[in-house]
Amino acid sequence: MSLRFFNTYSRKIEEFEPRDLVDRAITMYTCGPTVYSRAHIGNFRAYIFEDLLQRHLELRGYKVHRVMNITDVEDKTIRGAREAKLPLTKFTEQFKKAFFQDAETLRIKSANEFPAATEQRYIDRMIDMIGELTARGLAYQADDKSVYFRINKFPNYGKLAHFDLTQLQSTGRVKHDEYDKEHIGDFALWKAWDDEDGDVKWDSPWGAGRPGWHIECSAMSTALLGDQIDIHCGGVDNIFPHHEAEIAQSEGVTGKKFVRYWLHCAHLLVDGQKMAKSLGNFYTVPDVIAKDYTGRELRYALLRVHYRVPLNFTWKGMQEARESLDRIDEWLARLREIAKVGNVQRSTPNAQPSIRPDFETALDDDLNISAALGFLFESIRETNRAMDENMLDTASAKAWLDWWQRINTVLDLEPETDTVVPQAVTQLAEEREKARREKNWKLSDELRDRISAIGWEVRDTKDGQKLTPRGGFYPQNLR
Ligand SMILES: [Zn+2]
C-alpha cells in the first residue's frame, strides 16, 4: 500500500510519490525554532509530528535527509538581546542549547543538518537570492532602504494559503511604517539597519542591514537540499505569510516548483484555550518535567493525536499518557517473561492472536497515529487475554516482541533505562533497609508492598536493595 498525505497546497490527500524511485531518497525541510526564548510544548508538538513523519518514512524504506533551520536573527531575537544587554550570539546560544536538550528529552530524532541563519555562507546566499529577485523585477528597494518582494509580480502568491490578494488590497490598512511599500502585502527581504539593531548588521549592495525571516529559510533550504524539496513541514501558523513567502522567493529565483508536499501540524491548546503567558497556561518541556512527568510521557501525550487535529493538552491527559505507557510496559514484561522461560503448552496455533499490518497501514494513511495506537492497544488486550489463559506460546511471544521492536522504531517509547527514582520511593526503601537491619520482617514486607503500590519494585541483591519501575510482569493473582 502506498503512502498518502494531506498536501496543504492542493488541500487534498495525495499519494506520495518520491522523485527518486531508485534510491528512495527523500529531502525534508522543517522550519525550526526561533531562538529568542525557550520553545514551548506547542512548538514541540510540531517537531514531534515531523519526527513521526520521518520515522514512518524510514520504516517504509525511504532514506530521509532532513534539514531543520535555526532562526537566530529576526525581530524578536534582536529585541531580546537588546533587552538582555547581550550580544546577539550570546543571547541566542542559551536557547539553542535549551532546544537541543528538550528535543533529546522528547527523543526527537536529530535532523541531518541544523543550519543557522547567521552563518556567513547563508547570509551570502540570501544576498545573492535578493539580488536575483531584484534583477528579475520581483523585488525593489524602497525609500526606507529596505528591499521588498513585489507580490503583484508573482501570480502564484496566495496559492498555498488559498488567499485572495484583492482582499488584502481592499481591507488592508496601510500602517505608518509601511508607507514605503508598493503593496501592503509586500514583505521585507532585506531590512535596512536602524539604531535598534545595534551591532547586528551585514553589508549588502543595498547598504547595511539584515535579512528578513522568510528569505532565511529559502536560502538555507535551497543551499542544502537543492531547488526542489520533497516534503516541507511546519505548524499551521507558518502557512501565511512564512511559507507563502518561501515559495515566492525560491520559485522566483529558480523558476522551479519549490516543494512537492506541504504538511502542516495543527495547534496545541492547553485546557481548551490558546497557550499564553498571560493566561498562566504556557508550558515548556522543563515545566512539565518539574511536575514529575518523564520526557517519554510527554512524548506520548504530544504524539497520540492526529497531526491535523488540534491537540488539547491537559494534566489529565498526561496522567492518561502515563497509564497507557504502564500498559505497554507491563505487556512487554509479560511477553519477555514468556519468550525467556517458555510457557506451559495448552495452546494451539490458531489460539494465538494474529499480528496484522494495521499499525503501519494506519500510518500510511496520512499518518493516522490514533488508529495505529488503537490497533496497538487492541493487540495488547488480545495478547494479555491469551497470556491470562496461558495460551500464548513462546514463538508467538517472540513474534509480538519483534513486532514491537519494529513499530517502536516509529514510536520510540521504550522505558528509560536509568530512570530517576522518586523521592517518596527512596524514602520508603530506606525505611525498609532499616527494618531489615532490625530483622523486622513484617514491616519490611509491608514497606515492599507500599513501594509496589506506587509502581516500583524492590529486590534484595548482594549489593543491597535494587529499585526498578514496576510496570513489569506482575503475576495475575497478585494484582
Ligand atoms: Zn521557515
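A loop residue and its setting

Tutor: Arginine 150 is found in the loop that lies between β6 (147-149) and α5 (165-171); helices (H or I, at least four residues) and strands (E, at least two) are DSSP runs, numbered from the N terminus. The model is a predicted one, in which local features need pLDDT of at least 70 and side-chain atom pairs count only at pLDDT 80 or more, while totals for chains, interfaces and linings use all residues. Residues are numbered from 1 along each chain as its sequence is written, and side-chain values use heavy atoms, with hydrogens and water left out.

With a relative accessibility of 18%, arginine 150 counts as buried. That word stands for under 20% relative accessible area, whereas exposed stands for over 50% and partly exposed for values in between (1.4 Å probe, protein chains only). Setting aside residues up to four places away in sequence, arginine 150 touches Gly137, Leu138, Ala139, Tyr140, Glu182 and Asp186, where contact means heavy atoms within 4.5 Å.

Valine 73 lies in the loop between β4 (63-68) and α2, and it is buried, with a relative accessible area of 0%. Beyond its neighbours within four places in sequence, valine 73 is in contact with Ile78, Leu88, Ala117, Thr118, Val200, Trp202, Arg210 and Glu216. From valine 73 to threonine 92 the C-alpha distance is 8.6 Å, and the two are 19 residues apart in sequence.

The side chains of lysine 191 and aspartate 75 meet in one at 3.3 Å, N to O; the term denotes a side-chain nitrogen of Lys or Arg within 4 Å of a carboxyl oxygen of Asp or Glu. Lysine 191 belongs to strand β7 (residues 188-192) and aspartate 75 to helix α2 (residues 75-84), so the pair ties together parts that are 116 residues apart in sequence. Lysine 191 counts as partly exposed at 24% relative accessibility, and aspartate 75 counts as partly exposed at 33%.

Elsewhere, arginine 296 and aspartate 329 form a salt bridge through their side chains (2.4 Å, N to O). This pair links distant parts of the chain, with arginine 296 in helix α9 (residues 295-303) and aspartate 329 in helix α10 (residues 315-341), 33 residues apart. Arginine 296 and aspartate 329 are both buried. The axes of these helices, α9 and α10, come within 9 Å and cross at roughly 105°; axes are lines fitted to C-alpha atoms, for helices over the stretch in contact, and angles run from 0 to 180 degrees between N-to-C directions. Helices α9 and α10 are therefore roughly perpendicular to each other, given that angles of 65 to 115 degrees count as roughly perpendicular, under 35 as roughly parallel, over 145 as roughly antiparallel and the rest as oblique. On the α9 side the contact is made by Arg296, Glu297, Leu298, Tyr300 and Ala301, and on the α10 side by Met318, Ala321, Arg322, Ser324, Leu325 and Asp329.

The zinc ion is coordinated by Cys31 (SG), Cys217 (SG) and His242 (NE2), at 2.1 Å. Donors are N, O and S atoms within 2.8 Å of the metal (3.2 Å for Na, K and Ca), and water is not among the atoms, so sites may look incomplete. Along the chain, the donors of the zinc ion follow the spacing C-x185-C-x24-H. Cysteine 31 sits in the loop between β3 (25-30) and α1 (41-59) and histidine 242 in helix α7 (residues 239-254), so this pair ties together parts that are 211 residues apart in sequence. Both cysteine 31 and histidine 242 are buried.

Some totals place these details in the whole. The protein chain has 15 helices and 15 strands, and 49% of its 479 residues count as buried. Its C-alpha trace spans about 85 × 50 × 40 Å along the principal axes. Of the contacts between residues at least 6 apart in sequence, 76% join residues at least 24 apart.
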